[in-house]
Amino acid sequence: MNVQSKANTANNGVNVQALLDARDALSQAPAAAQFTWRAATEWQNGVHSRSTIEGFFGLGEEHKHRKAFTIDADHPAEFAASDNGPTPVEIVLSGLGSCLASGVASVAQNRGIQLRSVTAFVEGDMDLYGILGIDADVRNGFTAIRVRFEVDADATDDEIAAVVAQSQKRSAVFDLITNPSNVSVSVA
Amino acid sequence: MKRSNTVIIGAGQTGLAMSRELSKRSINHVILERGKIANSWRKERWDSLRLLTPNWMNGLPGAPYLGRDPEGYMPVNEFADDLTGFAAANRAPVKEETSVLGVSPFGVGYRVQTDQGAIDCENVVVATGAASRTSRPSFAQDLSANITQLSPLDYKRPNDLPPGRVLVVGASASGTQIAREIHNSGRDVTIAVGEHFRVPRSYRDADILSWMEITGRWGDRYDEVEDLDRQRGVPSLQLTGQAGTNPLDLNALQDIGVEIVGRMAGVRDNTVMFSGSLANVCAAADLKMNRLLKGFDDWAHENGLFDKVDACDRPARTRVPHAPRLSIDLGREGFGTVIWATGYRPDHSWIDLPVFDRKGRIRHDGGIVSPGLYVMGLPFLRQRKSTFIDGAANDARDLANHLTRNLGLIKAA
């Protein structure tokens with residue numbers, strides 16, 4: 001009873017009912033659950049590029065975002081670049097933070113936990129010996145990634161920890177950073 | 001062509017419990033067993049394995065445990081002998097060394113094809129258990145042929161393993177026990193840890209399963225819990241059949257020198273890769289364990305027993321290495337064996353009926369598959385304890401009642 005009444009009052013702005021309904025509907029229609037996400041990245045100049053994100057496929061058909069979004073990526077002056085945007089790896093970190101934060105909001109709402117503020121501080125360590133080709137034993141990617149959540153919510157520390165744990169368990173970006181994926185690259 | 005009202009497939013605890021119920025109701029039946037009674041208990045377990053349930057929970061229907069060690073955990077071969085005695089005492093009509101090749105519709109009932117001929121019947125009870133095969137990830141086939149691959153169904157003892165280090169994949173009851181046993185035999189062992197259900201063997205001086213029983217969780221019914229699908233997929237309790245002082249968890253394994261790494265995520269060129277999610281699966285398991293234990297504390301409070309049971313002894317949080325390894329080149333590091341302790345699946349491939357879901361799992365409502373077709377012994381079939389020895393009696397009684405009613409309907413029609 002307690003959980004039910006909490007669920008009815010917490011409002012984190014997540015339409016949990018719609019998500020639960022979608023889960024029910026898709027569990028009967030596995031083909032509709034097959035999505036393809038896209039980005040088109042166009043080189044600008046130097047190490048500056050601009051990605052445009054608009055269309056995606058899912059629920060059996062093509063869809064479009066409300067509008068086309070663009071994300072610029074570049075490198076800072078320390079890399080002798082013009083700094084027209086964050087580095088690609090920083091965009092990846094922001095993707096992880098966003099994915100986990102949205103998971104926290106959804107899981108908290110589903111559990112009847114009212115959030116007041118949530119901030120994920122995401123850090124990735126990198127040894128440039130990798131991308132610069134100085135040492136073949138050093139990987140290009142992050143050697144460690146840390147996420148520190150600051151959460152203000154109507155819940156105990158354990159309840160908040162459980163929400164954060166569940167958000168990792170159900171996070172697409174957490175999965176694709178922690179697990180290998182096959183990537184095929186072709187040239188048309 | 002032989003006939004029998006009901007054919008029970010499998011002479012383990014569920015099949016024999018069902019036979020006893022049918023005999024009580026004078027329903028003509030036969031039990032088909034591919035080997036000897038309790039075959040998988042005898043053939044598909046490792047030597048040192050003891051039951052995970054304390055002996056007081058290991059009684060059979062109408063035959064409670066009467067031995068001298070109700071708090072102990074009996075070796076599996078002792079339990080197998082109990083089953084053989086139980087079958088004899090109940091004069092169970094078991095046909096041993098009879099393998100079922102197929103079950104198909106026939107008239108208003110079924111035809112059960114065996115390697116000893118066919119049997120036509122009105123009812124079939126599938127009692128072959130939940131652990132006929134291991135569920136291995138698809139990348140298991142990508143490992144080099146130099147690596148010996150085993151599962152808890154064919155692993156017997158450390159001495160049988162080829163030389164070299166051992167990777168145990170999976171940290172539930174089977175994986176943790178096997179990892180410890182192999183490490184203690186003097187080999188280097190690494191265990192890959194995915195989602196698992198950590199519980200202490202005992203809590204506040206009582207066995208964890210006693211707490212499950214006394215607080216009512218053990219008998220939770222399938223039609224009363226939320227999200228049954230999820231409940232049916234919960235990994236086995238991380239337990240061993242050994243009393244309290246020597247816990248078996250990831251801390252204990254690390255204490256003796258077993259390396260822990262994340263869930264196994266893939267194989268490339270004989271290098272195995274592990275997920276970077278180890279910290280989270282451990283944190284989640286600790287949180288879940290503490291919620292369970294807090295539930296027991298709350299129960300003790302509500303029943304005025306909080307001061308009468310021993311003080312809290314919550315296990316320490318799981319220690320996670322600072323930077324668990326993400327990959328191992330098995331050849332270069334001298335690994336000889338990979339043991340897949342990645343869970344079990346039933347084998348219903350011989351059922352030629354449209355009763356499976358898209359993942360190949362048999363569809364059933366509390367064990368009732370379709371008119372005259374029943375399945376037993378699957379996770380949370382009718383109760384949380386359906387896969388445990390003491391779950392067989394209730395499930396057999398309920399399903400025998402259904403079967404009897406159904407017979408009445410057929411006769412009336």
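A residue counts as buried when its relative accessible area is under 20%, as exposed when it is over 50%, and as partly exposed in between. The views below come from a predicted model.

**Salt bridge between Glu333(B) and Arg165(B).** The side chains of these two residues meet at a distance of 3.6 Å, taken from N to O. The pair links distant parts of the chain, since Glu333(B) sits in the loop between strand S18 (327–329) and strand S19 (335–340) of chain B, while Arg165(B) belongs to strand S9 (residues 165–169) of chain B, 168 residues apart. Arg165(B) has a relative accessibility of 31%, which lies between the limits of 20% and 50%, and therefore counts as partly exposed. Glu333(B), at 26%, also counts as partly exposed. Both residues take part in a network of salt bridges that also includes Asp188(B), Glu259(B) and Arg325(B). Over all chains, the structure holds 34 salt bridges.

**Salt bridge between Arg384(B) and Asp220(B).** Here the two side chains meet with a distance of 2.7 Å from N to O. Arg384(B) lies in the loop between strand S22 (373–375) and helix H9 (392–412) of chain B, and Asp220(B) lies in the loop between helix H5 (208–214) and helix H6 (228–232) of chain B, so the pair ties together parts that are 164 residues apart in sequence.

**Salt bridge between Arg361(B) and Asp357(B).** The side chains of Arg361(B) and Asp357(B) meet at 2.9 Å, again from N to O. Arg361(B) counts as partly exposed, with a relative accessibility of 46%, and Asp357(B) is likewise partly exposed, with a relative accessible area of 24%.

**Positive phi at Arg91(B) and at Arg204(B).** Most residues other than glycine have a negative phi. Against that background, Arg91(B) deserves a look, with a phi near 45°, a positive value in a residue other than glycine. Arg91(B) lies in the loop between helix H3 (76–89) and strand S3 (94–95) of chain B. Is Arg91(B) buried or exposed? Its relative accessibility is 74%, which is over 50%, and so Arg91(B) counts as exposed. Arg204(B) likewise has a positive phi, near 50°, and is found in the loop between strand S12 (202–203) and strand S13 (206–207) of chain B. Arg204(B), however, has a relative accessibility of 4% and counts as buried.

**Side of chain B that touches chain A.** In this view, 16 residues of chain B are in contact with 15 residues of chain A. The size of an interface is often given as the accessible area lost when the parts come together. By this description, chain B and chain A bury about 1100 Å² between them, and 52% of that area is on carbon and sulfur atoms. Arg268(B), Asn280(B) and Leu287(B) supply 42% of the area that chain B buries against chain A, more than any other three residues.

**Polar links between chain B and chain A.** How many salt bridges are counted between chain B and chain A? The count is one, and in it the side chains of Lys169(A) and Glu195(B) meet at 2.9 Å from N to O. There are also seven residue pairs in polar contact between chain B and chain A, counting pairs with both residues at pLDDT 80 or more. On the side of chain B that touches chain A, strand S16 (264–268), strand S17 (271–274) and helix H8 (278–302) each supply at least two residues. H8(B) gives the most to this side, with four residues. By residue type, the side of chain B that touches chain A divides into six nonpolar, four polar and six charged residues.

**Chain B as the setting for the close-ups.** Chain B contains nine helices and 22 strands. Its radius of gyration is 22 Å, close to the 22 Å that the globule rule gives for 413 residues, so chain B is as compact as a globular protein of that length. The C-alpha trace of chain B spans about 70 × 60 × 40 Å along its principal axes, and 52% of the 413 residues count as buried. Among the contacts in chain B with a separation of 6 or more, 71% are between residues 24 or more positions apart.

Technical notes. Residues numbered from 1 in each chain as written. Chains lettered and ligands numbered in written order. Heavy atoms only, no water. Contact = heavy atoms within 4.5 Å. Buried area = accessible area lost by both parts, 1.4 Å probe. Salt bridge = Lys/Arg side-chain N within 4 Å of Asp/Glu carboxyl O. Polar contact = N/O pair within 3.5 Å; in protein donor to acceptor, adjacent residues only side chain to side chain. Nonpolar A, V, L, I, M, F, W, Y, C, P; charged D, E, K, R; others polar. Buried < 20%, exposed > 50% of the residue type's maximum accessible area, 1.4 Å probe, protein only. Rg over C-alpha atoms; globule rule 2.2 N^0.38 Å.
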